[in-house]
Amino acid sequence: DWAEKTSLKGGLAGIRKNIEDWKLSDKVPAFERYVNNFWWENFKLGTCNSKREGEDKKNGNSSSTLKDMEFICLDGAWMEATDFSKDTHSWKAGKEGDIKEGDTTGTVYVFENGGWRVANEIESVLGGCVKATADSVGKVKSTWYICKDGEWTEAKQIEYDTYRWEAGKDGDAKQGDVYSSTCYVYD
C-alpha cells in the first residue's frame, strides 16, 4: 500500500518506539498526525474530516511515484482506496450470515464475526453458514449444499432430499422431495 511504498507503514510506530527507547522523556508527543498531514498535503488530498467521510480522491501530486493511487477518507484518515473500502465504508453492522452487494463493484460480502468480508460463490447465493442457518440446505447452480460446522459443504442426496422432514414411525416410507423416485424408510 502507499504507506509501505513511502516507508510509513508501521514506520511511525517504529519511529515512536525508537524515540521512547531513548528515554529522554516520560512521554513522546503525538507527532504522527503532523507526518500524516504532510503526506496528505503532499498528495493534494487536503484534510480528512467528518464532512469528507467516504470521499474518494486521487493523489494530486503528478511528481509522486504514487500519482495514480486513489485514497478514501475514513475515520479521520486518508487510506489507500480499495474495492472493499469503497464498497463497505458506509455500511452498518448486519446480522450474522447477511449478504450484501458492494456499493461500487458489485462484489458480494457476507457479515460474519462482527464484520463484512468478501463472500465466496456459494455464500453470495445462500448467505453465510452461521449458527442460525446450521443444517439448512440450498442449491447453487446444479449443486446442493448443506451448512455444517460453519461451512457450506456439498450435500449428500439424502440430506437435501429429506430436508426438514419430521421424525416418522418405524417402517414409514416417503418419496424424496427432490428425487421423488427415491423412497426412504424411517428406521
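Q: Which residues is Thr88 in contact with, leaving aside its neighbours within four places in sequence?

A: Thr88 is in contact with Tyr109 and Trp116, where contact means heavy atoms within 4.5 Å. Thr88 itself is found in helix 4, which covers residues 83-88; helices here are DSSP runs of H or I with at least four residues, strands are runs of E with at least two, and both are numbered from the N terminus.

Q: What kind of model is this, and what limits apply to its values?

A: This is a predicted model, in which local features need pLDDT of at least 70 and side-chain atom pairs count only at pLDDT 80 or more, whereas totals for chains, interfaces and linings use all residues. Residues are numbered from 1 along each chain as its sequence is written, and side-chain values use heavy atoms, with hydrogens and water left out.

Q: Why is Thr88 called buried?

A: The relative accessible area of Thr88 is 11%, and buried means under 20%, exposed over 50% and partly exposed in between, with a 1.4 Å probe and protein chains only; Thr88 is therefore buried.

Q: What makes Ser64 buried or exposed, and where is its place?

A: Ser64 also has a relative accessible area of 11%, so it counts as buried. Its place is in the loop between strand 1 (56-58) and strand 2 (70-74), and, not counting residues up to four places away in sequence, Ser64 touches Phe43 and Asn59.

Q: How do you know whether Thr182 and Tyr184 are buried or partly exposed?

A: Thr182 has 23% relative accessibility and so counts as partly exposed, while Tyr184, at 13%, counts as buried. Thr182 lies in the loop between strand 10 (173-175) and strand 11 (183-185), and Tyr184 is found in strand 11. Leaving aside sequence neighbours within four places, the contacts of Thr182 include Gln157, Asp161 and Lys174; with residues up to four places away likewise not counted, Tyr184 touches Gln157, Asp161 and Lys174, among others.

Q: What makes Lys23 stand out in its phi, and why is Lys23 called exposed?

A: Lys23 has a positive phi of about 55 degrees although it is not a glycine. Most residues other than glycine have a negative phi. Lys23 is called exposed because its relative accessibility is 68%, and its place is in the loop between helix 2 (11-21) and helix 3 (32-42). Lys44, in the loop between helix 3 and strand 1, has a positive phi of about 55 degrees as well.

Q: Why is the protein chain called more spread out than a compact globule?

A: The protein chain has 6 helices and 11 strands. Its radius of gyration is 26 Å, well over the 16 Å that the globule rule gives for 187 residues, so the chain is more spread out than a compact globule; the radius is taken over C-alpha atoms, and the rule is 2.2 Å times the number of residues to the power 0.38. The C-alpha atoms fill a box of roughly 85 × 40 × 30 Å along the principal axes, and those of Thr182 and Val28 are separated by 74 Å.

Q: How do you know where pLDDT stays under 50?

A: pLDDT, the predictor's confidence in each residue from 0 to 100, stays under 50 over residues 1-9. Where pLDDT is low, the predicted coordinates should not be read in detail. The protein chain averages a pLDDT of 87, and 95% of the residues score at least 70.
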